[in-house]
Every structure is written in structure tokens, then in C-alpha cells.
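Open the model in a viewer and keep the selection tool at hand. The stops below go from the whole chain to single side chains.

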Amino acid sequence: KMAADDRQARFQRMNAIENTCVGVATGAIDATLTQWMIYCKNATQQKIPIIFNPLILYRGYIMSVINSVVLTGVQFPLTGATSRVILYNQPKKKTLNEIEQIAAGFVGGFLSGFFCAPMELTMIQQQLYGTSLIATPAKIISETGIKGMFRGLETSCLREAIFVSAMLGLGPVVKKYGAEELGMSTNSSKMFGACTAGVIVSTLSHPVDTIKTCQQGDIMKKEFGGVMGTCQTLMKQGGIPRFFGGWSWRTSRCIVQAFLWDECRTRLSPLFFLIIFKKKDDDEEDGED
């Protein structure tokens, strides 16, 4: 059995294809389990009544799966690539330190925002109007032009940067701290890492997420304009608490995601690439001989 540090080193040195495969699988599982939470969060942020009907709760599900699959499919390799860049000039260093792990996640998350914005825009418009996966972007483009598909881009990039830095950076760091410094059991340290990372990431990024959601729900800019204009409107509507509408739904989802992402990376990587992991073990043993 690999030691914890050695296992972490393997994850950080996985190549782009390996990271993408794990990310895609994680995204599909994530979207399926948490789509109803996304709907409840979005509805609360836009002050729309929540309808507890599965057909409504999972409206926009296909785009949500595509969004989650694509995002995790690029976030894992982008974060992994950043990790390898950091380690490139440090051949004797096996793992990133805590700050480097969080920084790698921040960069990977920020870049993924360019994929995120148009997909979440489509999903939010589907949730509002019940239009199809094909008709929705066509409607958006006909009304606002191709540029309209990237409404909320700035906030998408910033939110994803904060999110991924916590999911792939802070979560594992906190889990390791719980196990090594606080003497927690494996399961307890996993929950400790998931809850801590989930609460922190949702709290830090939720105001940005609220701005993004309100912008993308109002593509014609009747109520919410640019980032600063949306901030002013939200302040008039309810002050600081208005930026945290739907916080409990998003926090619950982030906790689930923090646990899910760690479990998927830990369990799926060796499962998908058993031969590769075994080969690396054999290569290292040969090198020691």
C-alpha cells in the first residue's frame, strides 16, 4: 500500500489524459447527484419559488451533466498541468506544499471559467423557460448575439478559481491535517476536509456566484447589467444578505462535492489506470535496486 505522501505525488504527476478521464467520470457523478441542489440554489438567488417536482428540479439536467463533465474534465488536467509546471524545476521534490496545491487549483479553476460561462448560461435559461438544449442557445444568440453566450464570464472565472483551489487544494490539505495532526480516523479526516473546504469555498465564492446567476438569468439586462451594475441592484434589493441568497443550498452541494471529488480522485485513478500505477511502482523499485 502506498503511503499517503507517495499517493499524493502520483496524483500530482498524472498526465493530461489520465486527469481528464478521472475528471469526466467525476463530473458525471457530481451532476447526477447534485442537480436538484443547483436548481434550488439558482431559484433562491433569483427569488423564484422552488417547485419540488423532479421534472422541474432536473430541468436542464443534460446541460448540467455536460457542464460538469467538461469542467471537471478540464479542471483536473489544468490543475495537474499547473502542478507539473511548479514541480518541473524541482526534480527532487515529490509533492507540492500546501500553498502550491491551492495555487495550482486556483489557476486551473480560473481557466475553466471560459468553458463554464456559456454552459451555465444555457442551463439557467433552460431552468427559467423550459426550452430545449438546442433551442436555448439559439434563442440567446438571436436575442443578444454570440457575445451574449459569454454573459457572466468574469464572475464564472473567479468563482471557479476559488472553487477548484478549495476542492483540489484546500480539501486534501485539511484532510491530511486532520489525520496527521489531530489524529482523526480515515473517514473522520475525509469528512473534516470535505466540510471545512465546502463551507469555506461556498462562503468565499457565493457573492460572485449570485452576481453571475442574476446576470445569466437576465440576458436582456432589464434588471441586472454589468458586474458593478448588478452589485448595485443587489445592494438596493437587500444589502449584503442579498448576495448570500441560496447559500445553504450551495454550501450543502459544496460539502458533497468536496467529499465526492476527493473520493473519485482517490478511488478512480488507480482503478482506471491500475497498470500505469503498477508500472510506476515497478519502475521505482527497479530504480532503487
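**Ground rules**

This is a predicted model, in which local features need pLDDT of at least 70, side-chain atom pairs count only at pLDDT 80 or more, and totals for chains, interfaces and linings use all residues. Residues are numbered from 1 along each chain as its sequence is written, and side-chain values use heavy atoms, with hydrogens and water left out.

**Whole chain**

Colour by pLDDT, the predictor's confidence in each residue, from 0 to 100. The average for the protein is 87, and 90% of the residues score at least 70. Select residues 274–288: this is helix 11, whose mean pLDDT of 56 is the lowest among the elements, while helix 9 (residues 227–238) has the highest, 97. Where pLDDT is low, the predicted coordinates should not be read in detail.

Switch to a cartoon. The protein has 11 helices and 0 strands; helices (H or I, at least four residues) and strands (E, at least two) are DSSP runs, numbered from the N terminus. Of the 289 residues, 51% count as buried, where buried means under 20% relative accessible area, exposed over 50%, and partly exposed in between (1.4 Å probe, protein chains only). Contact means heavy atoms within 4.5 Å. Among contacts between residues at least 6 apart in sequence, 80% join residues at least 24 apart.

**The cores**

Select Val22, Phe163, Met167, Val201 and Trp261. These have the most contacts inside the largest nonpolar core, which has 22 residues. A nonpolar core is a set of buried Ala, Val, Leu, Ile, Met, Phe, Trp, Tyr and Cys residues joined through side-chain atoms within 4.5 Å. At least two residues of this core come from each of helix 2 (16–45), helix 7 (153–180), helix 8 (186–217) and helix 10 (247–272). Helix 7 supplies the largest share, 8 residues.

Centre on Met167. Leaving aside neighbours within four places in sequence, Met167 is in contact with Pro172, Ala197, Val201, Cys254, Gln257, Ala258 and Trp261. Another core lies apart from this one; it has 6 residues, among them Phe224, Cys231, Leu234 and Phe243.

Is Leu168 buried or exposed? Leu168, in helix 7, is buried, because its relative accessible area is 7%. Beyond four places in sequence, Leu168 touches Gln75, Phe76, Thr79, Gln101, Trp261 and Arg265.

Thr155 counts as buried because its relative accessibility is 5%. Not counting residues up to four places away in sequence, Thr155 touches Val208, Ile211, Lys212, Gln215 and Val227.

**Salt bridges**

How many salt bridges does a search of the whole structure find? The search gives 10, a salt bridge being a side-chain nitrogen of Lys or Arg within 4 Å of a carboxyl oxygen of Asp or Glu.

- Asp209 and Lys41: the closest N and O atoms are 2.8 Å apart. Asp209 is in helix 8 and Lys41 in helix 2, 168 residues apart, and both are buried.
- Glu120 and Arg159: the closest N and O atoms are 2.8 Å apart. Glu120 lies in helix 5 and Arg159 in helix 7, so the pair ties together parts 39 residues apart in sequence. Both Glu120 and Arg159 are buried.
- Glu263 and Lys190: the closest N and O atoms are 2.7 Å apart. Glu263 is in helix 10 and Lys190 in helix 8, 73 residues apart, and both are buried.

Next select Lys41, Glu120, Arg159, Glu160, Asp209, Lys212 and Arg250, which salt bridges with shared partners join into one network.

**The surface**

The accessible surface comes to about 13700 Å², of which 67% belongs to carbon and sulfur atoms; accessible areas come from the Shrake-Rupley method with a 1.4 Å probe, and for residues only the protein chains shown count as cover.

Finish with Phe106, Val107, Phe110, Leu111, Phe114, Phe115 and Leu158, which form a nonpolar patch with about 590 Å² of accessible area together. Patches are made of residues with over 30% relative accessible area and no salt bridge: like charges are joined within 9 Å, nonpolar side chains (Val, Leu, Ile, Met, Phe, Trp, Tyr) within 5 Å. Helix 5 (residues 98–129) gives the most to this patch, 6 residues. Phe106 lies in helix 5 and is partly exposed, with a relative accessible area of 37%.
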